[in-house]
Amino acid sequence: MIEVQQLTKVYQQTVAVSNISFTVREGETLVLLGTSGSGKTTTLRMINRLVEPTSGNILINGKPILSQQPELLRRSIGYVLQGYGLFPHYTVAENIAVVPKLLKWNKEKINNRIDELLHKLQLPPDQYRNIYPSQLSGGQMQRIGLARALAANPPILLMDEPFGALDPLTRIAVRKEFKALDELKKKTIILVTHDVQEAFELGNVIGLMDNGKMQQLASPSELLFRPANKFVQQFFDHQRLQLELQSNTLNSIWSDLPASAEGLNAVLYSHQSWWDAMEAITNSNAPVIAYDKETNTCRTVTFAQLKASIQQLKHHA
């Protein structure tokens, strides 16, 4: 668990981060969202002591990080950069092995871990192990950067605009792979982005920052339907409908949907978003069937039902 308590960072006369506090529970993904200069990257860099705070405390599992040696602290924290951060003169395998070697893992253990991660990231070891970063595409370099951060199996992962250098199509593909990666399910993650769609897709909790201050720390749905102030409300206005559809799953309205016996024709699952349902309805030009594994039941999803559900959420907000 990560606890940030009244954290402030001042550069000469500029307040980069002002008195922010939050807690990230074990296995949770917190996304720090905001425009450039909002303080989100500075906050992230203070957590692994690349930047020292002016005041405030940061605790990991109850232990203040300022009482630990920065080098030892960083070995227990995976860190993924926007610009990949790979060593150009190291092979893929050598890049991934950096932290395990510092931890004095034996050669066999390191090699097994490299191969395991390459397989998980859909990069066959026999093709990628011994090539250099210059021979990789942007998406492949980002995958190797993630593999390096995960190599020593750290419990915490910090990610600073990890998909920001990728073209839009590659960014979407790599983001989907990231979300589906079993390796990340039990890790505590803090991810920095200015991409609203990315934040809503990946974050359990989103911290919206502006001018060094935390404007609101909440679930995606709460940010949309219960904004803390005018800034939060206006920040999402230009993407509001899509975000509303993405931030709610069919589970939330399952009992309100008409029953269906057409289980074999189901094209959706109950854990999928209203946005996924909208896409499925648009593609089929008709109502679609969704399936819930836990109850072994099916429901019919219609455009009218989703529209009514959105109106109901707004009414109760």
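1. In this predicted model, the lining of the largest pocket is made up of 13 polar, 9 nonpolar and 8 charged residues. The pocket holds about 1000 Å³ of space. Its lining numbers 30 residues, of which Lys-179, Phe-200, Glu-201, Leu-202 and Gly-203 lie closest to the centre.

2. At least two lining residues come from each of helix 8, helix 9 (196-202), helix 12 (240-246) and helix 13 (274-284). Helix 8 provides the largest share, with 5 residues.

3. Which element gives the most to the lining of the second largest pocket? Strand 6 does, with 4 residues. Strand 6 spans residues 77-80, and at least two lining residues are supplied by each of strand 6, helix 2 (70-75), helix 4 (98-102) and helix 7.

4. Helix 7 also takes part in a helix pair. Helix 7 (residues 138-150) packs against helix 8 (residues 168-180) at an angle of about 30°, and the two axes are 10 Å apart. Because angles under 35 degrees count as roughly parallel, helix 7 and helix 8 are described as roughly parallel to each other. Their crossing is right-handed.

5. The contact between these two helices can be described residue by residue. From helix 7, Gly-139, Arg-143 and Leu-146 meet Thr-170, Val-174, Glu-177 and Phe-178 of helix 8. The residues of this contact divide into 3 nonpolar, 2 polar and 2 charged.

6. How many cavities of 30 Å³ or more are counted? The count comes to 1, and the largest cavity contains about 60 Å³ of space. Its lining consists of Val-80, Leu-121, Gln-142, Arg-143, Leu-146, Met-159, Pro-162, Phe-163, Val-174, Glu-177 and Phe-178. These residues divide into 8 nonpolar, 1 polar and 2 charged.

7. The cavity and the helix pair should be read together. Helix 7 and helix 8 each supply at least two residues of the cavity lining. Arg-143 and Leu-146 of helix 7, together with Val-174, Glu-177 and Phe-178 of helix 8, belong to the contact between the helices, and these residues are also among those that line the cavity. Helix 7 additionally supplies at least two residues of the lining of the second largest pocket, while helix 8 supplies 5 residues to that of the largest pocket.

Technical notes
Residues numbered from 1 in each chain as written. Predicted model: local features only at pLDDT ≥ 70, side-chain atom pairs only at ≥ 80, totals over all residues. Heavy atoms only, no water. Axes fitted to C-alpha atoms, helices over the stretch in contact; angles between N-to-C directions. Parallel < 35°, antiparallel > 145°, perpendicular 65-115°, else oblique. Left-handed = near helix turned anticlockwise from the far one by under 90°. Contact = heavy atoms within 4.5 Å. Nonpolar A, V, L, I, M, F, W, Y, C, P; charged D, E, K, R; others polar. 1 Å grid on protein atoms, 1.4 Å probe; cavity = no way out; pocket = protein on both sides within 12 Å on 5 of 7 lines; lining within 4 Å. Points joined across faces, edges and corners; volume = space filled by probe spheres on them.
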